[in-house]
Amino acid sequence: MEEIANLFQGFSVALQPFNIMVMFVGIMLGVIIGVLPGLGGANGVAILLPLTFSMPPTSAIIMLSCIYWGALFGGAITSILFNIPGEPWSVATTFDGYPMAQQGKAGEALAAAFTSSFVGALFAVIMITLVAPLVASFALQFGPAEKFAVYFLAFCSFVGLSKEPPFKTIAAMMIGFALAAVGLDSITGQLRLTFGFTELLNGFDFLIAVIGLFGIGEILLTMEEGLSFRGGNAKINLRVVLQTWKRLPGYWVTSLRSCIIGCWMGITPAGATPASFMSYGIAKRVSKNGNNFGKGEIEGVIAPETAAHAAGTAALLPMLSLGVPGSPTAAVLLGGLLIWGLQPGPMLFTEQKEFVWGLIASMYLGNLVGLLVVLTCVPIFAAILRVPFSIIAPLILVLCAIGAYSVHSSTFDVMLMLVFGVVGYLLKKCNYPLAPLVLAIVLGDKAEEAFRQSLLGSQGSLGVFFSNTLVSTIMILGLIALFWSAIQKGYTRLRTAAA
Amino acid sequence: MATNSSHNAGPTHKAVEAGIAVLIALFGALVIIGSLKAGITWGAEGPRAGFVPFYIGIFIVAASAVNLWNGLRDENDGLFAEWGQLRRVMSVVVPTAIYVGSMPFIGLYVASIIFIGWFMRWLGKYSWLTVIAVAFGMPIVTYFIFERWFLVPLPKGPIEEWLGL
């Protein structure tokens, strides 16, 4: 049980007073980011990343991952109280959370949402504790072909599992790969796709893309809708919390199912948003109160929240053990690792034990701290939403500009951020998914390197990706994921034809 | 969301969708041209720099062709957005562009004060007192958090230099 010993050592790191303080700060910032429109997990972490340049890496990742947990918790507050999802993964929470609030059961809905989030996260963290070291030690034997196969599987899952049309997912993803290719080619040392612009020598930084696509793009969308916030008061007290807790164990089947859906969708980079919808949909179909869903059924809050938080947390498993982030926010954290001088991937578990286990231990503590913070501070966070958007919008835009500038101390990046923002607005409106675009920018270089090295070994034959059982299995899984929606369609057609 | 009503005109969803698909295809063509320049064949050290981007470019063009075809076949004749909504979006994009463009010359702090002030006064119609408090407060707080505590330097212009910051 070496993992347990490692985990305890991790706790001793995470429980240092400075790290606990950092944890609280991260959670508070995260909830605020989750509550505010236009600031989400991914770009919130990206903007605050420069602040951690001078911190020790372990404290830095604790702070940034806690911002992420906070944002996951925060999304539920606005969904339930204002019917405005602060984050895409809390859209499904509005379906039953807001009706509950209208019936005067806001406290109950919030307590259920927060507790479910915590349960989902806890399940995912336990899974990470047990599975991540195994995956990492397994992945140590990977050659370039296997590495490429993992990337292939990750990106194919996007195409098959996202709710956007597959060819739009492919287009968005390929734009990301193309942007990643710009600049110095890491193998030949040759310049490419710069068209003579010196600003493009170093290529496109995905942090700028994240801040622009998610931050500025979101503000523009909110501006278009011209929203004003109207919502009920948040009253949550110990009695309501305890009453809700008494009811929750009755829904353990829903919770467990949502945990599993969340973990699965988080590891394959489909992410928290589809996980929450899928979990809600299945709960609605299976539950004996299914007809009540949408009218304020507590189970309709538990299912999406558990799955979203489990998925958001599980997204860190492939990030830590394989260096393949499962969500845009995990991608930003991965970018952080590179900036702090750590090499993400399986070697992390052998070379940076303190860092990895400190992070995993902080995931247990951070989610517990998060639960306490949101349960006690809901009214404060709800009050933030009453600040008018015409004050919040310019402040967020300025914050985005500061974040974009401080990545490379370059004003060109700030302009690029605005371009990405407008592009993000247009793509989002036309139903192109942004997450695969961002992940492709992050992983493009590495995927290409693995691809070219494999081809080099095989003298250009694509057969190298099917040369042994391991690599063929991953590639075939990838192909199944790629054609998943087509397979599903064919299957339902067969069944209707048979019936 | 866009609604389909007669008195609120705006660009149709179909037209914008088609336009975006064409723009993405053009981007793909640009990637192909750039890759051809870098060399897409095999060199002494294996595939040359343009090898992978070349196929990425082809994927982009092909996927856009499908998206364009699907978009044009789509029965949905709703609006992309009303002109009024787009005007609101532009009322953020244009000042932000000016803000971003002026940053290298007047520095981040002065640009931010003007930008926040403009936004709150013209779009939010706040009293000058509130506007000044927020417009000056935010950059000052930023200065202390970024430059003093976390030692992250931000762009400065002549006024900051004159103040000796």
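The dialogue that follows sets computed values against their definitions.

Mentor: This is a predicted model, in which local features need pLDDT of at least 70 and side-chain atom pairs count only at pLDDT 80 or more, while totals for chains, interfaces and linings use all residues. Residues are numbered from 1 along each chain as its sequence is written, and chains are lettered from A and ligands numbered from 1 in the order in which they are written.

Trainee: Why does A:Val471 count as buried?
Mentor: The term requires 20 or more other C-beta atoms, placed from the backbone, within 10 Å of the residue's own; 12 or fewer make a residue exposed, and values in between partly exposed. A:Val471 has 23 C-beta neighbours inside 10 Å and therefore counts as buried.

Trainee: Which residues is A:Val471 in contact with, leaving aside its neighbours within four places in sequence?
Mentor: A contact means that the C-beta atoms of two residues, placed from the backbone, lie within 7 Å. By that rule, the partners of A:Val471 are A:Ala145, A:Glu146, A:Ala149, A:Phe465 and A:Phe466.

Trainee: What makes a set of residues a nonpolar core?
Mentor: Its members are buried Ala, Val, Leu, Ile, Met, Phe, Trp, Tyr and Cys residues joined through C-beta atoms within 7 Å. The largest such core has 226 residues, and A:Ile80, A:Val210, A:Met417 and A:Val438 touch the most other members. Domain 1 (13-73) and domain 2 (87-163) of chain B, with bounds from an automatic or database domain assignment, both contribute residues to this core, so the core lies between them. Among the residues that A:Met417 touches are A:Ile208, A:Cys400 and A:Ala404.

Trainee: How does chain B compare with a compact globule of 165 residues?
Mentor: The radius of gyration is taken over C-alpha atoms, and the globule rule is 2.2 Å times the number of residues to the power 0.38. Such a globule would have a radius near 15 Å, but chain B has 24 Å. The C-alpha trace of chain B spans about 60 × 60 × 25 Å along its principal axes, and 32% of the residues of chain B count as buried.

Trainee: How many residues does each chain give to the contact between chain A and chain B?
Mentor: Chain B gives 57 residues and chain A gives 52 residues.
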